[in-house]
Amino acid sequence: MKFKTFAAFVGPSVFMMLLFIAAPLVSVFIQSFQVTQPILERVEVETCTPGFLTQTCTTETKTVPVLDDNGKTITQTRWVGLQSYQNVLQMDKFWEAVSNGSWRDIMQIDFWKALRFTLSFTLLTLPLVIGVGLAIALAVNNATRAIRGPIIFISLLPFIITPVIGSLSIYWLFVGDGILTAMMERWTGTNISMFAQAWTIELLMYFYRVWHVAPFAFVIFYAGLQTVNMDTLESAVIDGASRWERLRHVIVPHLMPLIVFIALIHLMDCYRVFEEIVGFRSQAHVISLQWLTYDFMTPDDAGNRAISRASASAMLTMIGIVFLLILPLRRTWRDHKGSAH
Amino acid sequence: MSTPKAMQQSLALRLSSGAFLAFWCVLAAFPIFWIAVMSFKSPVDAFAASPWDVIFGPATRAGGDGLSVIDIAFGLVVIFFAIRWAFTKLPAMVQIYCPPGLMILGWIFGAVLYAVGFVLIFFGLMPLILGVLNSLLGPLGAPVLGLTTEHYVAVWGENEFYRNFLNSMLVTAGVVTISLTVGTLAGYGLARSGSDLAFWLLILALVFRALPHSVLVAGYLPVFINSSEILRPILGEGAPTLYGQPWAVIAVLVSINQPFTIWMLRSFFQNIPAELDEAARVDGCSHFQAFRRVIMPVMWPGVITTGLFSFLLGYNDFLVTSLLLDAQNQTMVPAIAGYFNRETTTTDQVEAVAAAVSITAPLFLLVMVFQRQIVSGLTAGAVKG
């Protein structure tokens, strides 16, 4: 294919990605060093209230935003360097907490709290998703043909459901005297409230994510299982391999590219954990990096958005994902090199 | 096909694997099933501590809303025939009455008509008939299962959820159409070109796929809010404010979705032998003609799968739509967050549950119809990597 034809086919897509993904990235990078604020001025305001005999007048100085001819506030953009990063990272407090050796103090700072949760969430659910997905795939592959269709249908439901709604549906089972909380209370005889402390919420989030993503892993592994070479399996049987040994030495190596694929997708998706926090309403206890950025961008009571801080935290989030992806991407690069020869 | 004896499984293994599967199915379906049950009960029943109270709904029944044995039997029969006819009579009718060139339009029209007819009969005609029957039949007509649709009426009617539904439909339709148009072209180009540039584009797309959406939205927000001032020198006085506009959100979601779309479509195109378009080229087609007349007709399964994923992305998105749309143009998923702030009474909570179930219902239908495509599509996309 000539370059011109190639460009004609790929052009629109690349253009959209450059305009809506690459350009915002650059602008986020620049914004993170700038602060846009309304220009304020101090004016003396005299307020008079009718009093007995004479008016009572008081003069006070107020700070008001400067308005332009159309009545809009004039804003000014200043270059602040790393100030926004400092506001997000709060390094002084961080080092103080480190020198005190106090983990609790570090977790008081939003960014470090969010980073801790995001990383443990991503890394702890990864093996669970792969393990559960593989187990379901093996079990479905074992089942009689007639019931596979309905089982696949049911298994797909947690994956296809809107993430916010999925987490809400689990939230409602446990909230207050939700049906499962009531059941656990009856078993244990103690009063349980799942959403009053951080660790139970976190546990539910892990559970939710595995519930939500395991079907995706299952479908992919299930397809991979259909292509396992029967001859290899049979020769393994003849060589006296037990069922477990066959799984370890034949099936898992065959599925390895798929396991890497799932791990890659899972790292990407889990790192931007967000919907769980909305669904479980856990802002007060557990937050993630993406939620932190979202929170900065949501207008506060005065209608202002902390765009600069949001950009700084977004850049920091991005640096994190780059670190997480270096390993899998290097592998892809090596595969490409390998297949070229 | 008989399995060799050594490959056969012991009874214990088969039992444990079956038990595990049953456990997983319960786990997968239970939360969704349970919120669906809750949404039909009065608040007292929906948040009752005993599961039986939630299922049978004594308080709902006491309130005068319930189904009798006759209602249940009659309803099940109607549902059974509705599903059967959807797979037999409806396709036949579409085949007969639709002009051959407009098959897709005919299907959409037929499906919408069928759905409207079903809703009219099930919720309009049936309660009338059954009301008369129940009063005639005595004990058989007495309600046994508490059930009320008042929360759905409240959500869709009073709270005007249909506006959010229409916005959702607009956004998802836009996302799917544009994603597929742009994506198939790019996927084809990337699949047929073996150059290093194509490889680097794919890697770049992979990196873009990894970006958290909040990073991108942080870039859009200031630009979108001030867009009328930025665009005024180019477009004149009529320059639009992009913030709050559904079509601006469509563009954003399409771009976010592009990396995944092109990866997936590329692997579908790679499955189609290159000899096919080479033959078309020999016959005198240009690259584009070969793509349109020869390749696209055999690509439909791949396009449908990718379209489903684009649909899910547009439909499920919370972050982008909640930040970039204003309150009037909100889609369904962020709109449900509005219930959180209102949630002061249990009635509000059950209404939120009903809204959540309303959002899930179309997805449920989608999986039912396209299950095969999802499985085969995901696997084709993944195995090729």
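Author: In chain A, 67% of the contacts between residues at least 6 apart in sequence join residues at least 24 apart, a contact being heavy atoms within 4.5 Å. The model is predicted, so local features need pLDDT of at least 70 and side-chain atom pairs count only at pLDDT 80 or more, while totals for chains, interfaces and linings use all residues. Residues are numbered from 1 along each chain as its sequence is written, chains are lettered from A and ligands numbered from 1 in the order in which they are written, and side-chain values use heavy atoms, leaving out hydrogens and water.

Chain A has 14 helices and four strands; these are DSSP runs, numbered from the N terminus, with helices being H or I of at least four residues and strands E of at least two. The C-alpha trace of chain A spans about 110 × 70 × 45 Å along its principal axes. Its radius of gyration is 28 Å, whereas a compact globule of 341 residues would have one near 20 Å (taken over C-alpha atoms; the globule rule is 2.2 Å times the number of residues to the power 0.38).

Of the 341 residues in chain A, 48% are buried, meaning under 20% relative accessible area with a 1.4 Å probe and protein chains only. A:Cys270 is one buried residue, at 0%. The structure holds zero disulfides over all chains, a disulfide being a pair of cysteine sulfur atoms within 2.5 Å.

The accessible surface of chain A comes to about 17,600 Å², and 61% of that belongs to carbon and sulfur atoms (Shrake-Rupley method, 1.4 Å probe).

Key. Buried < 20%, exposed > 50% of the residue type's maximum accessible area, 1.4 Å probe, protein only.
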